[in-house]
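Below is a short report on selected strands and one surface patch. Please read it alongside the model.

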Amino acid sequence: DLLMFDRETESLWSQIAAESVTGPSVEQRLTLVRSKLRRWGEWKRAHPETTVLSAETGHLRRYGHPPYAGYDTSERLLFPVGTDPRYHPKMRTVGLRLPDGTARGYPLEEVRRAGGRVEETFAGHPVKIRLDPESEVFTVEAPSPIEVVEGFWFAWNAFHPGGSVFVAP
C-alpha cells in the first residue's frame with residue numbers, strides 16, 4: 001500500500017483504503033478511477049500516437065532502474081505487517097469493495113486455477129474477472145458502486161482481514 005502525499009493540504013492518503021490517514025483531510029475518501037495495467041508494447045500498438053514524459057527531470061534519479069528491484073517476487077516486506085500464509089505475500093490480487101466495507105479478494109493464483117475467468121455475484125452484483133494468461137493482466141467488469149483495487153495479497157488482506165476470498169472450485 002502506497003501512502004500518497006497531498007501538497008495542497010499536506011495530508012497522507014492510503015492507496016488501498018482510498019482515504020486520508022493524516023492531516024486536515026483525515027477520513028475523507030478518494031474517488032477511485034478504474035485503470036488497467038498493460039505492457040508498454042501492447043499500449044504502444046493500441047495507441048501509437050502516445051508520447052512519453054522525459055526522464056530528464058533535473059533530479060538525480062536513475063529512472064531506468066527500479067528502486068525496489070526484486071521486491072515483487074521476494075517474501076520480504078519493508079515494514080511489519082501480519083501476513084496470511086495462504087498465498088505469497090506479493091501475489092497480485094484484485095479486490096472488490098463496497099462502501100459498507102463488504103470486501104472480496106481474488107488472488108491471481110485462484111483466478112488462474114479457475115481458467116482465467118471468474119463470473120459470480122458479489123454482494124448481489126454480477127462481476128466478471130478475466131486474467132490474460134500471457135501478460136497476467138486482470139480485466140474486471142463490476143457495476144458501480146463496487147470499487148476495484150489491484151495490489152499485493154499482503155496489503156489487500158491487511159486492509160480487509162474479514163473479507164471473503166475467491167477460491168477456485
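The report covers a sheet, a surface patch and a hairpin.

The model is predicted: local features need pLDDT of at least 70, side-chain atom pairs count only at pLDDT 80 or more, and totals for chains, interfaces and linings use all residues. Residues are numbered from 1 along each chain as its sequence is written, and side-chain values use heavy atoms, without hydrogens and water.

Phe5 has Leu12 of strand 2 as its bridge partner.

| Antiparallel pair | Bridges |
|---|---|
| strand 1 and strand 2 (residues 12–14) | three bridges |
| strand 7 (residues 125–131) and strand 8 | four bridges |

Leu2 lies in the segment before strand 1. With Met4 and Leu30, Leu2 makes a nonpolar surface patch of about 230 Å² accessible area together (residues over 30% relative accessible area and no salt bridge, nonpolar side chains joined within 5 Å; Shrake-Rupley areas, 1.4 Å probe; salt bridge: Lys or Arg side-chain nitrogen within 4 Å of an Asp or Glu carboxyl oxygen).

Strands 7 and 8 form a hairpin with six residues between them, and Glu136 in the turn has a positive phi of about 55 degrees. Arg130 stands opposite Thr139 in strand 8.

Conventions:
Two strands pair if DSSP finds at least two bridges between them. Helices (H or I, at least four residues) and strands (E, at least two) are DSSP runs, numbered from the N terminus. Patches are made of residues with over 30% relative accessible area and no salt bridge: like charges are joined within 9 Å, nonpolar side chains (Val, Leu, Ile, Met, Phe, Trp, Tyr) within 5 Å.
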